[in-house]
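This report describes one protein chain, from its overall form down to single residues. Please keep the sequence and the structure in view while reading.

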Amino acid sequence: MNVAKMLLFLFIYLFAFYTWLFISWENEWTRFLGANLLSLAGSAVSFAVLFKTYRVLSQKYRCFWLLLSISALFYFAGYSVCFYYQTILSVAMPYPGWADYMWLTAYFFALAAFLYAIILRGISVSVKPLFFNLVLFMVVVITLSLQYIVEPMFIEAGYTTTSTFVSIAYPLLDLCVLVAIMICYYLASSRYERILMVFCGTGFVVQLATDLIYVYWGGDSFADMGTFLDPLWQINLLLQGTAGLYAQKHLKEVKIDLSFYKTVNYSVLPYIGTMFLLTLIVYENYADMDILLKGCIIALLLIILRQFVIMKKNKQLMDEYKHLAYHDPLTGLGNRAKFKEDIGEICGHSSADNKAALLLIDLDRFKGINDTLGHQAGDCLLKELSEKLEGEITEKGTVYRIGGDEFLVLLPKIGSTSDALVIAEGILANSQQPLSVQGNEFVVTPSIGISIYPEHGQDTETLFRNADAAMYRAKEKGKNNYQVYNSALNDLLHERMQIEIGLRRAVEENGFTLYYQPKVDLYSKKIVGMEALIRWKHPEWGLVPPFKFISIAEETGQIISIGEWVLREACKQTKRWQVEGLPLIGVSVNVSVQQLEQNNFIQTVTDILKETNLSARFLELEITESVIQDLKRSTEILQDLREMGVRTSIDDFGTGYSSLSVIKTLPINVIKIDKSFIDDLDNPANQDLLKAIIWIGKSLGLQVIVEGVEEEQQMNMLLEYNCQFAQGYLFGKPMPREEFGKLLSGQQRDI
Ligand code: C2E
Ligand code: MG
Ligand code: MG
């Protein structure tokens, strides 16, 4: 059954009901029979549909439907009592009797359902004013009813207190439910939810009208069933059922977004009600009112006025607060919380054929820029970048900033995955255009991970996790590219975890070894130094090269103990060769920033040198340009090392963001020009660049060494540019210590 069929059923049912009442009007028993049976049928259908809605929906919101279905069940129970008295026993029903108690319970369950829907959004501070308003509203309505209905109509007419109470309880409860529905309507965050509330609200408006007519019209015939009012009650029941059907089709959940600023609209109602009451008091008693009472009423009106002003201020504050809570103050973009809400909306309400895409963007090497140029420049860059991104995405989606240099693009409606790829390509292409910050131009490239809804996940967590995995992959693939999630990435993540676990064991069980690569003097062709390079001896995977695990060890902090082991082992081995009478050459050890940042780093180096008895001048520490992140501290450490006699070099020189002015002030001895600068020396522009870097290094009074020399032609070029030192496969690959020892002793014979 769908919504349209249910509405058609409602019309046919009403028509049949009225026809029955009309034709059987003269015969009371048949009239009662028809009215009882048709009412039983109506509430049964409503119960069945609502209960199915409860069963079909899987979220916690299903309880709302459970409460509504219980309400329908109590209606059914009430009609069963009627049936028993009127049709089986053929006697008038007692008033108030069991039927009334059943129906009142049904009203209570309906009220509970809507209150539950409101509370479900979280009992926050803002729920309290909401209930306060509800109570205030009820006080106004009850006062008016007592004054104008109960007093004149019932008490004076001589009705018992219970029957008066029961008669009044019906419309009062209707009103409560209507107010609750109204709140739900205002708090609804989507069109679907509002339509749902329109179904329920219409039903209860009809019910309120019917109950009021019943109370007014009832007179001494309260207990009668089988009047023309009976079909009207069924309208509410069946409209609730229709709402259930609608929810089954369109909603995964009744999601009601409770935020105080939205409640302001309706929260004026109780105050208006109170003002109405005050006006009535003045109107009815004006002649008898003394000055005290008049003053009191004016004071009350002023308090209400003040309350309006406070409410307005509150609304403003809440708007500001909401803006702050959902936006990133630097760029003005939506933040992680906003993203979660928006994606939740897609995951919760999208139909199966709607595709959405999540692009997780992480800027490459942004930390370097931030730290070298200062945070202010970094902030400017982020702002420019976010504007650029927003300009590209426009109305196709939304851009969020969810962390330092992490952005998210949510494309809520895409035809196919390729739509997302086109956007990613656009972002990559645009990132090639330099951004200007404080007079300097920068190219900041992004790595983008993409996940698609619903293919790669149907909830926020999974989609985000998968976009993150894809982004990691993009980083691994050399940055400045995009990757779409696929299940193989899970394998990669798994591998990463295995590495992490394996490393832990390797640290404990000494599962590493050092390889040594010669550094040569191009003029004398002699080995003048060596670089110690770590290898991980894995029991299953064999020798694992550092690029596979160093970054992970850095992230997990394991690099500290690994680095210490490398330093100790390299110093120990160098000393051993010296003792064996091999040429006195120094050893270079790679040091990660994390190690350098340790408070006891200098102490560790001192201890190791002492322990291994190696003279400090034979140790060189290779650090990367990222040490410039904390220039002041790094300078102090480098200075301390210099004072100890330990040499230092900048590894992979030219690949970071350090400026020459910074390099100039750093107390270092060597720059190691990165392999990428000698990779394509056929190109004259590259030749000039290499020449310039060598020249600059020398001008700064530093020793210059070029890494990654593989061909003779490269070596000749270096000689031409007066570069004396080099390292590379041409002279020797990294090798185990035994092999390197042999190489060194060979050289010894030459000397
Ligand atoms: P790096 O310090 O720049 O080391 C030079 C890398 O270039 C080594 O790779 C070396 O094998 C490779 N290489 C040397 N000459 C050539 C050549 O002619 N052609 C080519 N294609 N490659 C050449 P490896 O041993 O895989 O190390 C990679 C990186 O891992 C190192 O780069 C260093 O940053 C890091 N690393 C190695 N050992 C350690 C360590 O003990 N601690 C830390 N923190 N990092 C280390
Ligand atoms: Mg190195
Ligand atoms: Mg290097």
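## Overall form

The model is a predicted one. Its protein chain contains 25 helices and 17 strands. The radius of gyration is 40 Å, well over the 27 Å that the globule rule gives for 751 residues, so the chain is more spread out than a compact globule. The C-alpha trace spans about 130 × 65 × 50 Å along its principal axes.

Of the 751 residues in the chain, 49% are buried. Among contacts with a separation of 6 or more, 73% are between residues 24 or more positions apart.

## Surface and charge

The protein chain has an accessible surface of about 35,700 Å². Carbon and sulfur atoms account for 59% of that surface.

The chain carries 64 positive and 80 negative charges.

## Helix 17 and its surroundings

Helix 17 covers residues 546–556, and its residues Phe 549, Ile 552 and Ala 553 are buried. How are the buried residues placed around the axis of helix 17? Seen down that axis, they fall within an arc of 105°, so they line one face of the helix.

Helix 17 is followed by Gly 557, which has a positive phi, near 90°.

The relative accessible area of Thr 513 is 22%, and the residue is partly exposed. The cut-off for a buried residue is under 20%.

Which residues does Thr 513 touch, leaving aside its neighbours within four places in sequence? Its contacts are Leu 533, Ile 534, Arg 535, Lys 537, Leu 543 and Trp 565. Leu 543 is 30 residues from Thr 513 along the chain, and the C-alpha atoms of the two are separated by 9.1 Å.

## Backbone features in loops

Most residues other than glycine have a negative phi, and most peptide bonds are trans.

The peptide bond from Tyr 453 to Pro 454 is cis, and its omega is near 0°. Pro 454 is located in the loop between strand 6 (446–453) and helix 15 (460–476).

Thr 394 is not a glycine, yet its phi is positive, at about 40°. This residue sits in the loop between helix 13 (375–393) and strand 2 (398–401), and it is partly exposed, with 39% relative accessibility. Asn 480, also not a glycine, has a positive phi of about 50°. Asn 480 belongs to the loop between helix 15 and strand 7 (482–484), and it is partly exposed at a relative accessible area of 31%.

## Selected helix residues and distances

Glu 28 is part of helix 2, which covers residues 28–56. With a relative accessible area of 47%, Glu 28 is partly exposed. Between Glu 28 and Ile 195 there are 167 residues of separation along the chain, and their C-alpha atoms are 40 Å apart.

Leu 212 lies in helix 7, residues 191–218. Is Leu 212 buried or partly exposed? At 33% relative accessibility, it counts as partly exposed. Leu 212 and Gly 374 are separated by 162 residues in sequence and by 72 Å in space, C-alpha to C-alpha.

Ile 369 is found in helix 12, residues 366–373. Ile 369 counts as buried, with a relative accessibility of 1%. From Ile 369 to Ile 310 the separation is 59 residues in sequence and 47 Å between C-alpha atoms.

Key: Residues numbered from 1 in each chain as written. Chains lettered and ligands numbered in written order. Predicted model: local features only at pLDDT ≥ 70, side-chain atom pairs only at ≥ 80, totals over all residues. Heavy atoms only, no water. Helix = DSSP H or I, 4+ residues; strand = E, 2+ residues; numbered from the N terminus. Rg over C-alpha atoms; globule rule 2.2 N^0.38 Å. Buried < 20%, exposed > 50% of the residue type's maximum accessible area, 1.4 Å probe, protein only. Contact = heavy atoms within 4.5 Å. Areas by Shrake-Rupley, 256 points an atom, 1.4 Å probe, with all protein chains shown as cover. Lys, Arg positive; Asp, Glu negative; His and termini not counted. Charge placed at Lys NZ, Arg CZ, Asp CG, Glu CD. Arc of directions from axis to C-beta.
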